[in-house]
Amino acid sequence: MHVYHGTRTLMRLVGTAWCPITVEGAEHVPAGGPVLLAGNHLAACDTFFLMAAVRRRLVFLSKREYFTGTGPTGRAVAGFCRRLGFLPVDRDAGPAAAREALDRGRRVLDAGGALALYPEGTRSPDGRLYRGRPGAAALALTCGVPLVPFGISGTDRVQPLGTAGLRPHPVRIRFGRPLGALPGERRPDGFPTTAALRETTLRTMTAIAALSGRPFTDRPAPRPGHEPCRAEP
């Protein structure tokens with residue numbers, strides 16, 4: 001808990017002295033009770049600026065690689081992420097790992113917590129918003145919690161892809177109204193149908209695009225080492 005609050009305080013100081021933060025729509029994030037935040041992902045520092053922007057403590061779903069590093073630096077990063085309360089997600093291990101990640105997220109929401117994630121599943125390589133994975137939709141639909149979209153901009157200038165330090169540049173975070181009237185279609189086992197997941201995911205990404213001002217392309221985000229998709233004609 002102390003590590004989280006200390007990190008948030010540090011990022012607020014960074015926002016005051018180095019990277020001024022503008023937050024819009026903070027009233028859409030409930031002060032208590034379960035809530036799911038979903039937004040675009042431009043840089044590693046997105047998470048820390050989001051921590052600075054939200055008064056309540058957030059739990060983040062984070063890629064497993066942050067927890068498996070070796071050597072002094074890798075172990076330090078893993079320990080830091082654990083002390084912040086981040087939850088590891090194995091993005092390449094298939095359906096079993098996806099179910100495990102959903103179960104971890106569900107436990108946070110069932111306990112009345114605030115869970116944050118990036119539906120694209122990775123940082124955008126070119127600033128565009130790519131197709132969302134269905135995890136956010138699945139959690140919102142199965143847990144019946146508010147799904148609050150957010151858009152972040154400026155962090156790709158603060159921390160360009162492949163860099164570690166922070167450069168001075170304004171950051172803006174915009175929270176939208178919770179998505180309303182989510183589809184309720186269920187399979188016989190009670191899990192949302194594929195159509196319901198697709199509809200909710202598309203609505204989420206459309207809202208994120210409007211809040212972030214980033215063009216949306218309904219294609220999977222390229223992973224590191226792969227060329228980004230060409231712009232839509």
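Predicted model: local features only at pLDDT ≥ 70, side-chain atom pairs only at ≥ 80, totals over all residues.
**View 1. Helix α7 spans residues 194-212.** This helix has 19 residues. From its first C-alpha to its last it reaches 27 Å, close to the 27 Å expected at 1.5 Å a residue. G213 follows α7. The phi of G213 is positive, near 75°.

View 2. Look along α7 for its buried residues, among them A196, L197, T200 and T201. Further on, M205, I208 and L211 are also buried. S212 is buried too.

**View 3. Strand β5 (residues 114-117) is covered on both faces.** A114 and A116 lie on one side. L115 and L117 lie on the other. All four are buried, each with under 20% relative accessible area.

**View 4. Strand β5 pairs with β2 and is joined to β3.** β2 and β5 pair in the parallel sense, over four bridges. Here L36 stands opposite L115 of β5. Strand β3 (residues 58-63) also runs parallel to β5, and three bridges join them. L58 stands opposite A114 of β5.

**View 5. H5 lies in helix α1 (residues 2-17).** Is H5 buried or partly exposed? H5 has a relative accessible area of 32%. That value falls between the 20% and 50% cut-offs, so H5 counts as partly exposed. R57 is 52 residues from H5 along the chain. Their C-alpha atoms are separated by 8.3 Å.

Terms used. Residues numbered from 1 in each chain as written. Heavy atoms only, no water. Helix = DSSP H or I, 4+ residues; strand = E, 2+ residues; numbered from the N terminus. Expected span 1.5 Å × (residues − 1). Buried < 20%, exposed > 50% of the residue type's maximum accessible area, 1.4 Å probe, protein only. Pairing = 2+ DSSP bridges.
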